[in-house]
Amino acid sequence: MAFINMKNKEIQAKIVYYGPGRGGKTSNLEYIYKQFRDRIPSDMVSIKTHGDRTLFFDFLPFDVGKIMGYSTRVQLYTVPGQVKYDATRRLVLKGVDGIVFVADSLAVQREKNLISLKNLQINLAAHKKDIFHVPLVLQYNKRDLDEPGIPILSLETLENDLNRQLKVPSFPASALNGDNVVLTLKRVIALTIASFQKRL
Ligand SMILES: Nc1nc2c(ncn2[C@@H]2O[C@H](COP(=O)(O)OP(=O)(O)OP(=O)(O)O)[C@@H](O)[C@H]2O)c(=O)[nH]1
Ligand SMILES: [Mg+2]
């Protein structure tokens, strides 16, 4: 939940990584954790099943530094992508300030991306939030799979499927090798802070 302390000049924001199961949400946080040990004031918390699937959520606090004189910390969360964990997804979304939707570029996952984005819209609405007004960025993950010749969706197809109406910033990425993982994070932080400024 957004937390702004004017006296101590502190801001805290909650950012949630959402998307279909196995799309790469946890991998995004793992990459950030590896790259920015010095900005992470505690260990990453992951609650997983045997097969490495997220059971409840991942949690990673991240110190952004000073923004306009305010010490800014973001709390990064992932949801469990598996369809059956919908109640948990809704719970993790409570008090969200910004969202990264991690879409899976694998051609076979096309439908799953659409279902998950629709599910995000529904679960935001349950918290009285409108997907068209929440700070949101799209990440088209697993672009590296193009190299070994695995069928992936073109960026045009992904844009058309997922971003035709939303028209939010979108990034091709690879959470495996880190391509655009940090850029995605920076953009969602920027959008989130900008929405605070508007509200203040
Ligand atoms: N090649 C490739 N594999 C990836 C990439 N991102 C994630 N993976 C792999 O995809 C699998 C699932 O990744 P996770 O990060 O656990 O996916 P998730 O979205 O957290 O999945 P749930 O917790 O079930 O919702 C793992 O085997 C990752 O190594 C990527 O960019 N490229
Ligand atoms: Mg996960």
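How do strand 2 (residues 10–18) and strand 5 (residues 70–78) pair, in the parallel or the antiparallel sense? They pair in the parallel sense, over eight bridges. Here strands count as DSSP runs of E with at least two residues, helices as runs of H or I with at least four residues, both numbered from the N terminus, and two strands pair if DSSP finds at least two bridges between them. Within this pairing, K14 has Q75 of strand 5 as its bridge partner.

Before we go further, a word on what you are looking at. This is a predicted model, in which local features need pLDDT of at least 70 and side-chain atom pairs count only at pLDDT 80 or more, while totals for chains, interfaces and linings use all residues. Residues are numbered from 1 along each chain as its sequence is written, and chains are lettered from A and ligands numbered from 1 in the order in which they are written.

Let us step back to the whole chain. The protein has five helices and eight strands, and from the N terminus on its elements follow the order β-β-α-β-β-β-α-β-α-β-α-β-α. Its radius of gyration is 16 Å, close to the 16 Å that the globule rule gives for 200 residues, so the protein is as compact as a globular protein of that length. That radius is taken over C-alpha atoms, and the rule is 2.2 Å times the number of residues to the power 0.38. Along the principal axes, the C-alpha trace spans about 55 × 35 × 30 Å.

Strand 4 (residues 54–67) runs antiparallel to strand 5, and nine bridges join the two. Across this pairing, F62 stands opposite V74 in strand 5. The hairpin that the two strands form has two residues between the strands, and M68 there takes a positive phi near 50°.

Now for the interior. A residue is buried if 20 or more other C-beta atoms lie within 10 Å of its own, exposed if 12 or fewer, and partly exposed in between, with C-beta atoms placed from the backbone. Of the 200 residues, 38% are buried. In soluble globular proteins, nonpolar side chains tend to be buried together. The largest nonpolar core here has 43 residues, and those with the most contacts inside it are V16, Y17, L76, I99, V100 and F101. Strand 2 gives the largest share of this core, six residues. Such a core is a set of buried Ala, Val, Leu, Ile, Met, Phe, Trp, Tyr and Cys residues joined through C-beta atoms within 7 Å.

I99 is found in strand 6 and counts as buried because it has 27 C-beta neighbours inside 10 Å. Not counting residues up to four places away in sequence, I99 touches V16, Y18, V134, P135 and L136.

Finally, the loops. R22 lies between strand 2 and helix 1 and has a positive phi of about 65° although it is not a glycine. K142, in the loop between strand 7 (136–141) and helix 4 (155–162), has a positive phi of about 70°. Which of them is buried, with 25 other C-beta atoms within 10 Å? That is K142, whereas R22 counts as partly exposed because it has 19 such neighbours inside 10 Å. A175 sits in the loop between strand 8 (170–172) and helix 5. Beyond its neighbours within four places in sequence, A175 is in contact with G24, S27, N28, Y31, N141 and V181.

Methods:
Contact = placed C-beta atoms within 7 Å.
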